[in-house]
Amino acid sequence: VTKPIKASKLYDALIDVVASQPMPASRVLPAQGDRLADRHPLRVLVAEDNGVNQKVALAMLRSLGYRADLASDGVEAVEAVRRVPYDVVFMDLQMPELDGLGATKQIIAEHQPGRRPRIVALTANAFEEDRDACLAAGMDDYVSKPLKADALEAALLKVPRIVVM
């Protein structure tokens, strides 16, 4: 990692190291009927460009019973939301082509209130001004990396289902 160190670059470097470690065999997944997705079913999109972060987010969602779709950049996220009525989009901020803030603004512009997915910022930038920028862009919530199971579950529980007519 080069200096000055950016939080997102440091996070990515740490995730690469941690992801290369084997997962403990003693980790117990909840029983099928006890998973959050069974009680609170949602259509989920993860917009994330980093391969390791994609795997982490998808694995955590899978452990809660969700099968999420994946977009590798903001353009793909906007196109995916046009095609599928997602209930929630976990949106990374720093992506190629179109960043998370730009993708959020575009999704909001194209969808009526109450008919768009809840957009949750997913970023290693955990400063108050970063959170404020996300909310000012129209994001509904903010979850910082490294992603923690309790924060992910809390964000999912805030999501209402979109009723498609």
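Where in the chain is confidence lowest, and where is it highest? The lowest mean, 75, belongs to helix α1 (residues 7-19), and the highest, 97, to strand β1 (residues 44-47). The score here is pLDDT, the predictor's confidence in each residue, from 0 to 100. Helices (H or I, at least four residues) and strands (E, at least two) are DSSP runs, numbered from the N terminus.

This is a predicted model, in which local features need pLDDT of at least 70 and side-chain atom pairs count only at pLDDT 80 or more, while totals for chains, interfaces and linings use all residues. Residues are numbered from 1 along each chain as its sequence is written, and side-chain values use heavy atoms, with hydrogens and water left out.

Colour the chain by confidence. The average pLDDT is 85, and 87% of the residues score at least 70. Then select residues 25-29, where pLDDT stays under 50. For this stretch the model has two contacts (heavy atoms within 4.5 Å) beyond four places in sequence.

Next, select the sheet. It is open and has five strands in the order β2-β1-β3-β4-β5, with parallel pairing. At its edges are β2 (69-71) and β5 (141-144), each pairing on one side only. Two strands count as paired if DSSP finds at least two bridges between them. Neighbouring strands are turned by 20° against each other on average, direction ignored. Zoom in on β1 and strand β3 (residues 88-92), which pair in the parallel sense over four bridges. Val 44 stands opposite Val 88 in β3.

α5 lies across β3 and β4 (118-123) and runs at about 150° to β3. Helix α7 (residues 149-157) lies across β1, β3, β4 and β5, at about 135° to β3. Axes are lines fitted to C-alpha atoms, for helices over the stretch in contact, and angles run from 0 to 180 degrees between N-to-C directions.

Now show helix α4 (residues 74-83) with helix α5 (residues 100-110). They pack at an angle of about 20°, their axes 9 Å apart, and are therefore roughly parallel to each other (angles under 35 degrees count as such). On the α4 side, select Gly 74, Ala 77, Val 78, Val 81 and Arg 82; they meet Ala 103, Gln 106, Ile 107 and Glu 110 in α5.

Finish with two loops. Most residues other than glycine have a negative phi, and most peptide bonds are trans. In the loop between β3 and α5, select Glu 97, whose phi is positive, about 70°, although it is not a glycine. In the loop between β5 and α7, select Pro 146; a cis peptide bond joins Lys 145 to Pro 146, with omega about 0°.

Notes:
Angles under 35 degrees count as roughly parallel, over 145 as roughly antiparallel, 65 to 115 as roughly perpendicular and the rest as oblique.
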